[in-house]
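Hi,

Here is the structure I promised to pass on. Have a look at it first, and then read my notes below.

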Amino acid sequence: MTHVADVDQMTCPTPRSQYERVLLGHGSGGKLSADLIQRVFLAELGNEVLSSLEDSATLSLDSQNNPPNHQSSGPRIAFTTDSFVVKPLFFPGGDIGKLAVHGTVNDLAVAGATPLYLSAAFILEEGFAIESLQRIVVSMRQACDEAGVTLVTGDTKVVDRGKGDEVFITTTGIGLHAANRELSIRNARPGDQIIVSGTIGDHGMTIMSTREGIEFETALRSDSAPLNDLTRAMLDACPSIRVMRDPTRGGVSSTLNELAAASKVGILLDEASIPVRAEVHSACEMLGLDPMYVANEGKLIAVVPEQHCQSLLTVMKQHPRGRDAAVIGNVVADHAGMVVMRSLIGGQRVVTMLAGEQLPRIC
């Protein structure tokens with residue numbers, strides 16, 4: 001039995017998120033990533049633009065030295081950066097070079113910007129094959145051509161053998177915003193519909209099956225692709241789109257949880273409406289994974305007012321990158337900050353943000 005005096009001397013245990021060292025899960029895009037960002041980076045570097053946690057920063061370029069997010073008549077740019085540490089470097093449907101270009105282009109595209117320029121920095125491990133490096137660079141050039149962007153600057157560093165795991169790539173992208181376009185993760189409103197542009201989990205399960213040597217009757221392929229042509233068509237047809245995000249690390253679940261928290265709304269999903277390839281579903285079952293938490297590299301989520309949903313869905317289905325687009329749920333006023341799934345058997349369950357790391361080194 002615990003006495004009152006003992007209680008007075010007791011202290012609450014350190015929350016599980018308060019780790020003293022970086023864990024692999026801190027790179028998952030889920031709860032640990034969010035904690036690391038809030039606890040370390042935003043605590044010291046936070047400002048109005050960085051703290052908004054959009055896929056890319058929106059910056060005004062005018063002659064008045066206004067704050068970066070100041071609404072002005074001058075041109076506005078979208079600015080983003082990302083790093084790629086995927087293992088294996090080459091996989092069905094892509095490689096680290098292609099992934100680096102597509103990931104950066106897509107962060108600009110879902111912000112509603114037109115991607116223009118990229119930079120790339122390479123961390124190379126001593127002993128890495130020049131032939132493999134050339135293959136990666138050729139793939140990046142082809143991906144830039146496909147997306148209509150130009151890689152204009154870069155850097156190269158080499159680390160000791162065994163210190164860099166062959167190659168890491170960091171990219172930065174700049175795009176141009178159209179006037180009066182304000183997409184934001186904070187814009188979702190009750191009644192809005194949620195659309196995903198295609199099947200989920202393709203990239204993450206391709207990486208995992210390749211890594212583990214798992215073979216299926218139908219080959220898995222990464223969905224890595226540039227989305228800027230699709231987003232252009234979507235915004236031309238439906239300027240009222242409120243939010244677009246690409247559900248990469250942490251998958252659809254983490255993206256929707258971030259959206260619900262930022263917009264202070266609830267989200268209700270219909271499991272039967274979420275498109276998942278049979279082979280991805282089988283691979284997830286075999287490995288004990290949920291496709292909602294698996295990374296995508298060529299898909300987006302859009303939030304749109306209900307009255308414009310069907311017209312937008314029609315436009316998306318006419319585009320090669322949106323052929324399998326589907327309405328997967330809606331925004332509600334209830335259970336603000338939470339994502340709830342209506343299951344196949346009629347019940348409901350809470351879809352939380354990814355707690356740890358399901359699939360390390362996938363992007």
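Let's start with Arg-245, which is buried, at a relative accessible area of 7%. Keep in mind throughout that this is a predicted model.

Which residue does Arg-245 pair with in a salt bridge? The partner is Glu-54, with the closest N and O atoms 3.6 Å apart. Arg-245 sits in strand 9 (residues 243-245), while Glu-54 is in the loop between helix 2 (31-45) and strand 1 (57-60), so this contact ties together parts that are 191 residues apart in sequence.

Next, have a look at Asp-192 and Arg-242. Their side chains meet in a salt bridge at 2.7 Å, N to O. Asp-192 belongs to the loop between strand 7 (167-177) and strand 8 (193-196), and Arg-242 to the loop between helix 6 (228-237) and strand 9, so here the parts tied together are 50 residues apart in sequence. Asp-192 is buried, at 2% relative accessibility, whereas Arg-242 is partly exposed, at 26%.

One more pair to click on is Asp-223 with Lys-299, a salt bridge at 3.0 Å, N to O. Asp-223 is found in the loop between helix 5 (202-212) and helix 6, and Lys-299 in the loop between helix 8 (278-287) and strand 11 (301-304), so the pair links parts 76 residues apart in sequence. Are these two buried or exposed? Both Asp-223 and Lys-299 are buried.

Back to Arg-245 and Glu-54 for a moment: they also belong to a network. Salt bridges with shared partners join Glu-54, Asp-55, Arg-186, Arg-245 and Glu-258 together. If you want the overall tally, the count for the model comes to 15 salt bridges.

Helix 2 has 15 residues and spans 20 Å from its first C-alpha to its last, close to the expected 21 Å. Where does helix 2 bend? The bend is at Gln-38, by about 35 degrees. As for burial, Leu-32, Ser-33, Asp-35 and Leu-42 are buried in helix 2.

That's what I have for now.

Cheers

Definitions and conventions:
Residues are numbered from 1 along each chain as its sequence is written. This is a predicted model: local features need pLDDT of at least 70, side-chain atom pairs count only at pLDDT 80 or more; totals for chains, interfaces and linings use all residues. Side-chain values use heavy atoms; hydrogens and water are left out. A salt bridge is a side-chain nitrogen of Lys or Arg within 4 Å of a carboxyl oxygen of Asp or Glu. Helices (H or I, at least four residues) and strands (E, at least two) are DSSP runs, numbered from the N terminus. Buried means under 20% relative accessible area, exposed over 50%, partly exposed in between (1.4 Å probe, protein chains only). The expected span of a helix is 1.5 Å times one less than its number of residues. The bend at a residue is the angle between axes fitted to the seven residues ending there and the seven starting there.
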